[in-house]
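Visitor: I am new to this structure, and I would like to understand how its descriptions are reached. Could you show it to me first?

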Amino acid sequence: MVLADPRLAAAREVLGAALVKRAVAAAQELARSGVIGPAGVADAAVAALPAGAATLTPVINATGVIVHTNLGRAPLSAAARTAAAAAAGYTDVEFDLASGRRGRRGAGALAALAAAVPAAGAVHVVNNNAAALVLAATALAAGREIVISRGELIEIGDGFRLPDLLASTGAVIREVGTTNRTVLRDYREAVGPGTGFILKVHPSNYRVEGFTASVPVPELASLGVLVVGDIGSGLLAPCPVLPDEPDADSWLRAGAGLVTASGDKLLGGPQAGLLLGRAETVTRLARHPLARALRVDKLTLAALEATLAGPVPPVAVALAADPASVIKRAERVVARLASAGLDARVVAAKAAVGGGGAPGVELDSAAVSLPESLAVPMRRGDPAVVGRLEQGRLLLDLRSVPPDDDARLVSAVLAAAGMDLS
């Protein structure tokens, strides 16, 4: 019996019976049609087994977009991956081992987040930044007005629009100013007894240039109304590489009562929505009934804590990479590929932050330029590699590739080109 093959029996423990049976059935069909002999069914079934029980495929991101939304945004650090794996079994996520009683859910992650943003009186975590805004609007402004500049009514990926999101909570959107210019007087004339809060949104995926005006957080805070700031990209403290990107700690010190941010963008952690601000405001949100529907699981809490407390995550490493070191890496990769007879060249490149962060900011980088014909086989290879196409060439931008993956990248290119890997 084919299923008794030791290799297939072992695969059932990892992949489950259904996936193994499917591979065996496909191999048997090949035998019935004469493509393979009966003796080759087990081998064909083993060859057809997927690498894992899930369909998500690991990818080497050589696009040059560091926080690539379509590729899962921030890659987790080794510490975060280890923490998530450890949390996959039973954990003390909501249990105090010392007392044997129920404990505060995710206490370690919340403590690490609070330590990372000293200006926050309290912190809370939900499942993404949109959820953080929904919770804030529902708890603080349902049936009331949210005052926001017309120039900050943003649309994010896949057609989701901020005004639609806010309106779904029962809040009334009070638009002020114009698309390109909003001044303090516009806010002052709009706020009143029916105001829930002023919302300041960082336009993290576009830039408005020319004849423009916007109101900074300190001036908004002077109006005596709660200011909620959405920084979006997840920067918790000032970043020397991105001096114009707002951060949570600075906005809180400037007078914002609440700041929302993403955990899986510039912070470099798992998908999460971060709520940071005045203790009474954050506590009110955390105790709202909707908070229960938006809470994160133990894997997210573990990965978030490890991101905050552990070593520098890959996103921060890529942002801070020395362009000269990236060029040297590209030269070494090209030398290896050229020695195998492949048409490979080093070219200067411009990488991007991505993920709705630092729009228009270009990062000096270097790429390995290859024949365009390799793009499809590389995307379908193991490991899958995604680059970008420019002027009839495939560019593998190394700014978004961890240095430890350079050898795997070389092997993937040679395999896609059908060359000897020895």
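Visitor: Where does Arg-73 lie?

Guide: In this predicted model, Arg-73 lies in the loop that runs between strand E2 (65-67) and helix H4 (78-86). Its phi is near 55°, which is a positive value in a residue other than glycine.

Visitor: Why does Arg-73 count as partly exposed?

Guide: Partly exposed covers the range between buried, under 20% relative accessible area, and exposed, over 50%. Arg-73 has 26% relative accessibility, and therefore it counts as partly exposed.

Visitor: What makes Gln-391 count as exposed?

Guide: The cut-off for exposed is over 50%, and Gln-391 has 84% relative accessibility, so it counts as exposed. Gln-391 is placed in the loop between strand E15 (388-390) and strand E16 (393-397), and it has a positive phi of about 50° although it is not a glycine.

Visitor: Why is Ser-233 called buried?

Guide: Buried means under 20% relative accessible area; Ser-233 is at 0% relative accessibility, and so it counts as buried. This serine sits in the loop between strand E9 (227-232) and helix H10 (248-253).

Visitor: What makes the pairing of the side chains of Ser-233 and Glu-245 a polar contact?

Guide: A polar contact needs a pair of N or O atoms within 3.5 Å, one able to donate a hydrogen and the other to accept it. The side chains of Ser-233 and Glu-245 make such a contact at 2.8 Å. Leaving aside residues up to four places away in sequence, Ser-233 touches several residues, including Ser-262, Lys-265 and Gly-356.

Definitions and conventions: Residues numbered from 1 in each chain as written. Predicted model: local features only at pLDDT ≥ 70, side-chain atom pairs only at ≥ 80, totals over all residues. Heavy atoms only, no water. Helix = DSSP H or I, 4+ residues; strand = E, 2+ residues; numbered from the N terminus. Buried < 20%, exposed > 50% of the residue type's maximum accessible area, 1.4 Å probe, protein only. Contact = heavy atoms within 4.5 Å.
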